[in-house]
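I opened a new notebook page for this structure. These are my entries, in the order I looked things up.

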Amino acid sequence: MTVSGNLAEPVRGQLDADGRLISADPPLLRLHLHCGGYEGGPLAIPQLLNLCRLSRQLDMNLSRSVQAADEENLISMWVEIRLHRDGQDGAIAISIIDWKESPAPSTNREEFGRRRDFDRLNGRGAIRTDASLRIMALALPGDLDAVENYIGHSLLDVLDFVEPSKQSVLVESISERQPVRGQHVRQRHGKQSFYTLSGQPLIDNEGLFSGYRFSLELDEERAAKENSNEAGTGFDQGDLISDSLFGSQLGPALRQPLGKIIANAETIGGRLEGPLRGDYSDYAKDIASAGRHLMDLVNDLSDLEAIQRTSFSVAADDIDLVDLSHRAAGLLAVKAADHQIRIDLPEKDIEMPVKGEFRRVLQILVNLIGNAIRYSPDGSVIKLQVASEDEFSAVTVRDQGDGIAEDDQQRIFEKFERLGRSGDGGSGLGLFISRRLANAMDGSLTVESSVGKGSTFKLSLPSRSV
């Protein structure tokens, strides 16, 4: 939104007798849509709706200060409510004569950004629709251009539903206002991307159905099968488990209960349900930590299976190494703070554009920074730098740890190799997967190190012009 301060013209809107927003100026309409409403639907801004209800109950015009918020700003408004008495029984006119925006607390914005990046890192996305299934908000994992392109389009026009979730099944579930689950597919960079789709109905302040909120998760296993069939190729003979047992069955079967264990343990450990003995709270935190470790292992094994297939490929998104360095560091900020480790990052106004898949580059950087935190002494500094090198651009992650002997510098990129370390929380797959991903993006991942002098990992990717 761009409205701020004293307005040259009031921001106006009108409700009918049933409380539906039948007309609204753009700033008011955008806020209404952000709060889960839809055009012509019941007013969805709770603070403003309460004032309108009070005006109607008292049968009098009111002028009050109202506060609301979107994802980035706190909005203070001076609102005048006027009851229509000229034949429009029950109608209400809304006039906002002052609209001031101030940034939401930085911690809220940063936390929102971290949650969004965690979703991208884990191949998750989200869609919100109105009651007629028009897309109001969209974030497809691995498709950074989709947000603006599909807003306002019907969900059924944007997604091609496949067995066992035909459009007719989805429409029937939606008409009955029931939770839905299915799969969908869309073409991306010449290949098919599959997602598992689940959703819940949205109910507005009047108790009426106002749309759906969907979550999506990349189904890389399905995509690998379909794309390999189209190309007429099979899977590598060296797959981790034959017939893709892990990706199609074991992985999903493990993620769901692990997710519940982690969520419940964090709820208990955070004492969100009430007081708890201190040792019990510590037990719960240990359970959550063990659950996250197992979840990381499941994800690593899924990635290992995926990258060993002949059909495995990555996207060529337009991304920036400085932006992704800041995102990766943000995801690990709490872990670094626990060890009093400072992460020095490139200045945000520097640009280092490259070609690579957003999620996979973020995955590599999270792995490199996470390793640096794990093997660095408390109170040390991890430094990230970017540089352009002919046709490639690179980001380096330098730590102040014990370093790696020259004879071991290639071994660390092998499967399940941890150089004899045990109990450090690692699977021994992270660097192997990261190097394979870098190579798949026509880049490279290398290391320079010496014992006692720390290590420097360098990720290089093809440069692109801005």
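**Entry 1: alanine 438.** I began with the contacts of alanine 438, leaving aside its neighbours within four places in sequence. I found Ile364, Gly443, Ser444, Leu445 and Leu459 in contact with alanine 438; contact means heavy atoms within 4.5 Å. Alanine 438 is found in helix H13. Helices (H or I, at least four residues) and strands (E, at least two) are DSSP runs, numbered from the N terminus. Is alanine 438 buried or exposed? Its relative accessibility is 0%, so alanine 438 counts as buried. Buried means under 20% relative accessible area, exposed over 50%, partly exposed in between (1.4 Å probe, protein chains only). I also checked serine 460, which is 22 residues from alanine 438 along the chain. Their C-alpha atoms are separated by 7.7 Å.

**Entry 2: what I am looking at.** I noted that this is a predicted model, where local features need pLDDT of at least 70 and side-chain atom pairs count only at pLDDT 80 or more, while totals for chains, interfaces and linings use all residues. Residues are numbered from 1 along each chain as its sequence is written, and side-chain values use heavy atoms, with hydrogens and water left out. The protein has 13 helices and 18 strands. Of its 466 residues, 45% count as buried. I looked up contacts between residues at least 6 apart in sequence, and 61% of them join residues at least 24 apart.

**Entry 3: H12 against H13.** I went back to H13 and its partner. The axes of helix H12 (residues 358-375) and H13 come within 10 Å and cross at roughly 145°. Axes are lines fitted to C-alpha atoms, for helices over the stretch in contact, and angles run from 0 to 180 degrees between N-to-C directions. The crossing of H12 and H13 is left-handed, which means that the near helix is turned anticlockwise from the far one by less than a right angle (right-handed if clockwise). From H12, the contact uses Arg360, Gln363, Ile364, Asn367, Leu368 and Asn371. From H13, Gly430, Leu431, Ile433, Ser434, Leu437 and Ala438 take part. Which residues of H13 are buried? I listed Gly430, Leu431, Phe432, Ile433, Ser434, Leu437 and Ala438.

**Entry 4: two aspartates.** Most residues other than glycine have a negative phi. Aspartate 442 is found in the loop between H13 and strand E17 (444-449). At 59% relative accessibility, aspartate 442 counts as exposed. Aspartate 390 also turned up, with a positive phi near 55°. Aspartate 390 is in the loop between strand E15 (381-389) and E16. Its relative accessibility is 79%, so aspartate 390 counts as exposed.

**Entry 5: serine 393.** Serine 393 lies in strand E16. Serine 393 is buried, with a relative accessible area of 2%. Not counting residues up to four places away in sequence, serine 393 touches several residues, including Leu321, Met352, Pro353, Leu459 and Ser463. The side chains of serine 393 and serine 463 make a polar contact at 2.7 Å. A polar contact is a pair of N or O atoms within 3.5 Å; within protein, one must be able to donate a hydrogen and the other to accept it, and residues adjacent in sequence count only if both atoms are side-chain atoms.

**Entry 6: helix H10.** Aspartate 320 caps the N-terminal end of H10, with a side-chain oxygen 2.9 Å from the backbone nitrogen of valine 322.

**Entry 7: rings.** How many aromatic pairs does the structure hold? I found two. Rings of Phe, Tyr and Trp (its six-membered ring) pair if their centres lie within 6.5 Å; planes under 30 degrees apart count as stacked, over 60 as edge-to-face and the rest as tilted. Tyrosine 212 and phenylalanine 214 are stacked, at 5.2 Å centre to centre and 15° between the planes. Both tyrosine 212 and phenylalanine 214 are buried. Phenylalanine 413 and phenylalanine 457 have ring centres 6.3 Å apart and planes at 70°, so this pair is edge-to-face.
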